[in-house]
Amino acid sequence: MRVLVACEESQRVTIELRARGHEAYSCDLMEQSGGHPEWHIQGDVLGLLNGRMDFATNDGHLHHIADRWDMIIAFPPCTHLAVSGAAHFEKKRADGRQREGIEFFCKILNADCDKLAVENPVNIISGDYVRKWFPDLAEKYGLPIKPTQAIQPYEYGHEARKKTCLWIKGLPKLKPTKIVSMGEIKGNGFSVGAASWAARDEAGKIIAWNDPRTGVIRSKTFPGIAKAMAEQWGGEGVNKK
């Protein structure tokens, strides 16, 4: 299959799909950190969603996709959408960041692709928030749209709790692969290894919660979840081309 992995700089899902023989490409505004510039498209993903175009990867090679993508797996930014950041919503409504985030998410959700999965934490797309504050967007995109399922890292071999939602079209629900302990739960409800204060740099030093690198590190897909996505959505149970 030809697969677009949107908003992924880590390339964790892309690498797992490539290992299974699929022509997968990651796309992000950031340069890839997964070590494969030949599989990475650096730029705005919105222009790529419907396929039928030429594009260049970070190694300078040009590629052509004559039709739609066979599958899209997307990890759009949750900064302005996650309900965990509700304390900042008023400011984000006022300056336009939240409207922009909603539109970006919904454009991916409405991509012209038969097999689609969009990942995010519990967010405002699934409730009546958008209908209240952005009624025009609610009408335009048919919001709210409930997620298809919610998954946890501890269902895929990682001792951490971090509820993640999946909006799925044309693909089966993701099945747990290795259920382990959710790990030590701190007083704030976060588990060790999932909280922002657990983010570490290359030398193993803990990075401050407000360091720009923290958000990037925290947004990386857990390897066990990436592997499950590739196996279950890119395996023999899904039609390949």
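## Helix H1 and its neighbours

Arg-12, Val-13, Glu-16 and Leu-17 in H1 make contact (heavy atoms within 4.5 Å) with Pro-223, Ala-226, Lys-227, Met-229 and Ala-230 in H7. Sorted by class, that contact has six nonpolar, three charged and no polar residues. This is a predicted model, where local features need pLDDT of at least 70, side-chain atom pairs need 80 or more, and totals for chains, interfaces and linings use all residues. Residues are numbered from 1 along each chain, and side-chain values use heavy atoms, leaving out hydrogens and water.

Here are the two helices (DSSP runs of H or I, at least four residues):

| Helix | Residues |
|---|---|
| H1 | 12-19 |
| H7 | 223-233 |

Their axes (lines fitted to C-alpha atoms over the stretch in contact) come within 8 Å and cross at roughly 40 degrees. H1 and H7 are therefore oblique to each other, meaning not under 35 degrees (roughly parallel), over 145 (roughly antiparallel) or 65 to 115 (roughly perpendicular).

Which residues of H1 are buried? Val-13, Thr-14 and Leu-17 are, with buried meaning under 20% relative accessible area (1.4 Å probe, protein chains only) and exposed over 50%. Looking down the axis of H1, the buried residues stay within an arc of 100 degrees, so they line one face of the helix. They pack against H7 and against strands E1 (2-6), E2 (23-28) and E6 (71-74). After H1 comes Gly-21, with a positive phi near 90 degrees.

Over in strand E4 (residues 53-56) sits Asp-54, which counts as exposed because its relative accessibility is 54%. Leaving aside residues up to four places away in sequence, Asp-54 touches His-63 and His-64.

Key:
Axes fitted to C-alpha atoms, helices over the stretch in contact; angles between N-to-C directions. Nonpolar A, V, L, I, M, F, W, Y, C, P; charged D, E, K, R; others polar. Arc of directions from axis to C-beta.
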